[in-house]
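Please look through the sequence and the model below before reading on. A short briefing on selected local features comes after it.

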Amino acid sequence: MSARREPTLADVARVAGVSLTTVSRVLNNRGYLSQEVKDRVAEAITELNYRPNQVARALHGKSTHTIGVIVPTVALPFFGEMAAEIENALTDHGYRILVCNSMGRAEREREYLDLLVSHRVDGIISGGHNENLSEYGTVRMPLVTVDRLLSPRIPNVCCDNEKGGRLATRHLRTRGAHRPALLTSRSGPHNRREAGYLAVLHDAGIEPVVRTVDFHTPDPERAGLTEAALDSMPADVDAVFATDDLTAAAVLEWARARGRRVPEDFKVVGFDGTSAVRRALPNLTTIQQPIADLAAQAVDVLLRQISASRESGDPHSPEFAAPAPLPVKLLVGVTS
């Protein structure tokens, strides 16, 4: 056999000295076969380093035991840790994952979605942040999103973002902030962290200050846009609730560069509380998401969808709606 191509089922049968049907029966554990035949096939598989064609298995109605996971990029601590926790949770059930980094590009996310569907993965967990991708509406396989509301038919697993926004803003007010601002990626009704912030300020009779730097801003441009957004705040703003920890870190740098003492003159609270950022900025006050629990919940809902689809059920039935948002926790550091 040429070393330039992957071994086939026929190669395994030839080396083992059995028929293609026998090899197939061994791989699928069907029918009676002597231990001697099983051993010969196993030895041939090892010798040839044969890998079963998972797409072919799917075309014959068999599970590929593979789940597609779409994220903006695993370079971001939250999504990197989320992907790792999803992988750990799925491994316990015999599944592997294919991680797809959309890099903030809608077209790239479309291509990955098409790739995963065409390769017949058993299901998809999507945490991509591109909006208005109609292609998700055509997906008929098991599908769960993480912190991304696509439609009522697609379960969205998330933390209690609105409560987190309230906790962060109330904490800033309790620590003496008179007019906290919000720095977020996108403003609007879908942003529940913003909703929590606005609710607290409304109750206190304080005019909100909201600044945005788009989630998909390229890194070379992000620092300049963040500084410009912060510089445009009214002079009486004395605190910032940043809706992710990396943005909170940028706010801390901005405050230091402007000669503002933290927390004496200026207070900062972030959001996410990932292990990576906690190690880098152990003193950052932040709202911590239960990442492991979010991953476990997403996997649980997806596996129930997969089980239903194998029984000719509807994987998008209302019975697979995501549970209530998971609780968040305020971690108090020295930045507030």
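The notes that follow go through aromatic rings, one asparagine and some backbone details.

This is a predicted model, in which local features need pLDDT of at least 70 and side-chain atom pairs count only at pLDDT 80 or more, while totals for chains, interfaces and linings use all residues. Residues are numbered from 1 along each chain as its sequence is written, and side-chain values use heavy atoms, with hydrogens and water left out.

**Aromatic rings**

- The structure holds four aromatic pairs, where rings of Phe, Tyr and Trp (its six-membered ring) pair if their centres lie within 6.5 Å, and planes under 30 degrees apart count as stacked, over 60 as edge-to-face and the rest as tilted.
- One of these pairs is formed by Phe78 and Phe79, which are edge-to-face, with 5.1 Å from centre to centre and 85 degrees between the planes.
- Phe79 also pairs with Phe215, and because the ring centres are 6.2 Å apart and the planes stand at 85 degrees, this pair is edge-to-face.
- That pair links distant parts of the chain, 136 residues apart, since Phe79 is in helix H5 (residues 77–91) and Phe215 is in the loop between strand S7 (210–212) and helix H9 (219–231); helices (H or I, at least four residues) and strands (E, at least two) are DSSP runs, numbered from the N terminus.
- Phe78 counts as buried at 9% relative accessibility, and Phe79 counts as buried at 8%; buried means under 20% relative accessible area, exposed over 50%, and partly exposed in between (1.4 Å probe, protein chains only).

- Asn101 is found in strand S2 (residues 96–101), and with a relative accessible area of 18% Asn101 is buried.
- Leaving aside neighbours within four places in sequence, Asn101 is in contact (heavy atoms within 4.5 Å) with Val71, Pro72, Thr73, Val74, Arg108 and Tyr112.
- A polar atom of the Asn101 side chain lies 2.8 Å from the backbone nitrogen of Val74.

**Backbone details**

- Met103, in the loop between S2 and helix H6 (106–118), has a phi near 55 degrees, which is a positive value in a residue other than glycine, and Met103 is partly exposed at 41% relative accessibility.
- Asp147, in the loop between strand S4 (143–146) and strand S5 (156–157), has a positive phi near 55 degrees, and Asp147 is partly exposed at 26%.
- Val262 and Pro263 are joined by a cis peptide bond, with omega about 10 degrees.

Notes:
Polar contact = N/O pair within 3.5 Å; in protein donor to acceptor, adjacent residues only side chain to side chain.
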